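Welcome! Here is a short briefing on how charged side chains pair up in a protein model.

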Amino acid sequence: MTRTRVPSLPARALIAAAAALAAAIAAADSGDAKRAVVEVGTVSLKPVAVASWIPGSIVSRSDARIATVIPGRVTWIAEVGARMHQGDPLARLDDTVSRLRLEDLRAQVDRARAQRDVASSQLERFNRLAATKALSASQLDDARAQRDVSADDVTRATAQLRQAQYEIDQSVIRAPFPGVVSERFIQRGEYLQTGAATVRLVNTEDIEARATASLDLAANVHAGQAVAVRERGVEKAGKLRTVVPVGDDRSRQFEVRVSVPSAEWLVGTPVEVSLPSSAARTAVMVPRDALVIRQNRSYVLRVTRSDTVEELDVTPGVGVDDSVEVHGALSPGDRLVVRGGERLAAGQAVRIIDPVHRAAQAHPG
């Protein structure tokens with residue numbers, strides 16, 4: 001007859017303990033499985049400043065009506081849309097008269113130099129004769145004066161020669177900076193007077209945003225501030241290059257210029273510039289997705305140390321990027337539900353996962 005071996009008392013105790021542990025683990029796993037899965041964000045303290053969007057436009061830092069400094073008839077002018085480098089010709093004037101005058105003045109300079117040389121030689125001879133007292137003092141003075149007059153004639157004729165050469169050089173109107181010809185004010189064959197505008201030249205690479213703001217904002221605005229510039233909802237970072245410290249007594253506004261990072265905007269594009277309307281302050285900020293807004297209240301779901309949730313009423317403030325300022329019984333570091341809180345009730349137990357884990361479950365492998 002076969003006997004069944006009965007475990008000893010210590011062995012039965014170990015088996016019972018193992019079974020109880022397995023049952024507890026299974027119960028815990030079952031409890032975790034029933035917990036709502038949520039993602040959380042944290043409460044933080046951040047510096048915030050209320051900003052106002054000010055209308056403005058993109059302008060070029062080099063935008064000029066290029067004028068002529070001499071009169072003359074136009075023989076050539078650049079086309080609208082032509083891109084110019086610094087020093088490239090924008091227009092040419094007829095310089096025939098100036099060149100004829102230049103030739104005449106060259107002859108006058110040569111004649112004046114010859115007369116000066118003769119007067120200088122005569123003065124040297126008179127100086128030698130004066131030592132022998134064969135020449136009166138008045139004759140020596142006349143010779144010295146004649147030499148000085150002839151020297152002055154050379155100086156005057158040389159200056160007139162340089163002026164004629166300058167007029168010839170200026171008959172070609174050149175670009176003072178690189179840019180695009182955006183407008184022509186003259187046509188070929190027209191006669192220009194001194195100071196008349198020829199073309200409008202705009203540097204489309206060196207641009208910035210110009211805006212005028214209310215004097216109420218002046219106390220919070222200073223050069224070097226980082227600001228935002230947006231056009232049709234697209235925001236880009238900029239920096240206040242300068243603040244013009246002069247307000248208009250009629251509009252009660254002052255001007256700001258904002259450096260923009262690239263030249264992809266066209267000159268004249270309407271934009272908006274974000275300027276701080278209050279001094280920077282430190283505020284309690286929560287993730288934007290943590291705020292639950294209802295018709296008559298706003299609240300957040302805070303996760304307690306025991307991984308349950310509680311509702312806390314808050315009052316929303318200003319928004320900054322993906323965070324919102326709130327006023328309520330929150331402290332920095334508090335955990336708030338940002339995902340999975342649609343059907344949570346106060347006191348409900350939750351299981352926290354991170355976004356990386358959730359993405360891995362959604363896209364295995």
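Predicted model: local features only at pLDDT ≥ 70, side-chain atom pairs only at ≥ 80, totals over all residues.

Residues are numbered from 1 along each chain as its sequence is written, and side-chain values use heavy atoms, with hydrogens and water left out.

**Overview**
- The structure contains 21 salt bridges, each being a side-chain nitrogen of Lys or Arg within 4 Å of a carboxyl oxygen of Asp or Glu.
- One network of salt bridges links Arg-61, Glu-208, Arg-210, Arg-241, Glu-255 and Arg-257.

**Inside the network**
- Glu-208 and Arg-61 form a salt bridge, with their closest N and O atoms 3.9 Å apart.
- Glu-208 belongs to strand β12 (residues 207-214) and Arg-61 to the loop between β3 (51-60) and β4 (63-67), so this pair ties together parts 147 residues apart in sequence; strands (E, at least two residues) are DSSP runs, numbered from the N terminus.
- Glu-208 is buried at 1% relative accessible area, whereas Arg-61 is partly exposed at 46%; buried means under 20%, exposed over 50%, and partly exposed in between (1.4 Å probe, protein chains only).
- Glu-255 and Arg-257 also meet in a salt bridge, at 2.6 Å from N to O, and Glu-255 is buried at 17% relative accessibility.

**Another pair**
- Arg-302 forms a salt bridge with Asp-334, their closest N and O atoms being 3.0 Å apart.
- Arg-302 sits in strand β19 (residues 298-303) and Asp-334 in the loop between β22 (323-327) and β23 (335-339), 32 residues apart.
- Arg-302 is buried at 18% relative accessible area, and Asp-334 is buried at 16%.

Terms used: Helix = DSSP H or I, 4+ residues; strand = E, 2+ residues; numbered from the N terminus.
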